[in-house]
Amino acid sequence: SSVPSELGNSTGFILVNVRAGNEAAPIVGASVVVTAIDNGKRLLAAAGITDISGTVTGIEVPAPDKSYSLTPNTEVRPYSLFDISVRARGFFNARSIDVPVFSGITSVQNFNMVPLPIGTEAGEDTLTYFNSEQLS
């Protein structure tokens, strides 16, 4: 993997579900981009396109070794943090910030996309959702 090991030398997983808000209908062909901040630079960790069920599976990202989540250690955070951005035609862009990913565990992120008003071109407006850091 080209992602620096400072984010962790183990692997965690992200599964992204993209739905149209109220109907909870899957959105096919939405683009999903996973990034992380490493040494002040934003890195592309993974990218994918939602399938017929509105899902991107099998996203692998670096995470700290499992041992960090088993021992209380204030020096090392037992998870890596990622930002997930979703774009779909006809909807506001959406972004979920600071998604925690632990080694060997799949972090599930659900996006309920908000439709653009009728007659609006795809805007650059992004709806941002913040994940509070998990407290041990």
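Predicted model: local features only at pLDDT ≥ 70, side-chain atom pairs only at ≥ 80, totals over all residues.
Colleague: How many aromatic pairs does a search of the whole structure find, and are the rings stacked, edge-to-face or tilted?

Modeller: The search finds one aromatic pair. It joins Tyr-79 and Phe-102, with ring centres 5.2 Å apart and planes at 55°. Stacked needs under 30 degrees and edge-to-face over 60. At 55°, the pair is therefore tilted.

Colleague: How many residues apart are Tyr-79 and Phe-102?

Modeller: Tyr-79 sits in the loop between α1 (67-70) and β6 (80-87). Phe-102 sits in the loop between β7 (93-101) and β8 (106-113). The pair links distant parts of the chain, 23 residues apart.

Colleague: Is Phe-102 buried, partly exposed or exposed?

Modeller: Buried means under 20% relative accessible area, and exposed means over 50%. Tyr-79, at 6%, is buried. Phe-102 has 22% relative accessibility, so Phe-102 counts as partly exposed.

Colleague: Which residue's side chain makes a polar contact with the side chain of Thr-35?

Modeller: Thr-35 lies in strand β3 (residues 31-38). Its relative accessible area is 12%, so Thr-35 is buried. Thr-35 touches residues including Leu-44, Phe-82 and Asp-83. The side-chain polar contact, at 2.7 Å, is with Arg-42.

Colleague: Which element gives the largest share of the largest nonpolar core?

Modeller: This core has 25 residues, and Ile-14, Val-34, Ile-59, Ile-84 and Met-113 touch the most other members. Val-34 touches Ile-14, Ile-59 and Ile-84, among others. Elements giving two or more residues include β3, β4 (41-49) and β5 (55-63). The largest share, four residues, comes from β1.

Conventions
Residues numbered from 1 in each chain as written. Heavy atoms only, no water. Phe/Tyr/Trp six-rings, centres within 6.5 Å; stacked < 30°, edge-to-face > 60°. Buried < 20%, exposed > 50% of the residue type's maximum accessible area, 1.4 Å probe, protein only. Polar contact = N/O pair within 3.5 Å; in protein donor to acceptor, adjacent residues only side chain to side chain. Contact = heavy atoms within 4.5 Å. Core = buried A, V, L, I, M, F, W, Y, C linked by side-chain atoms within 4.5 Å. Lists of a residue's contacts leave out its neighbours within four places in sequence.
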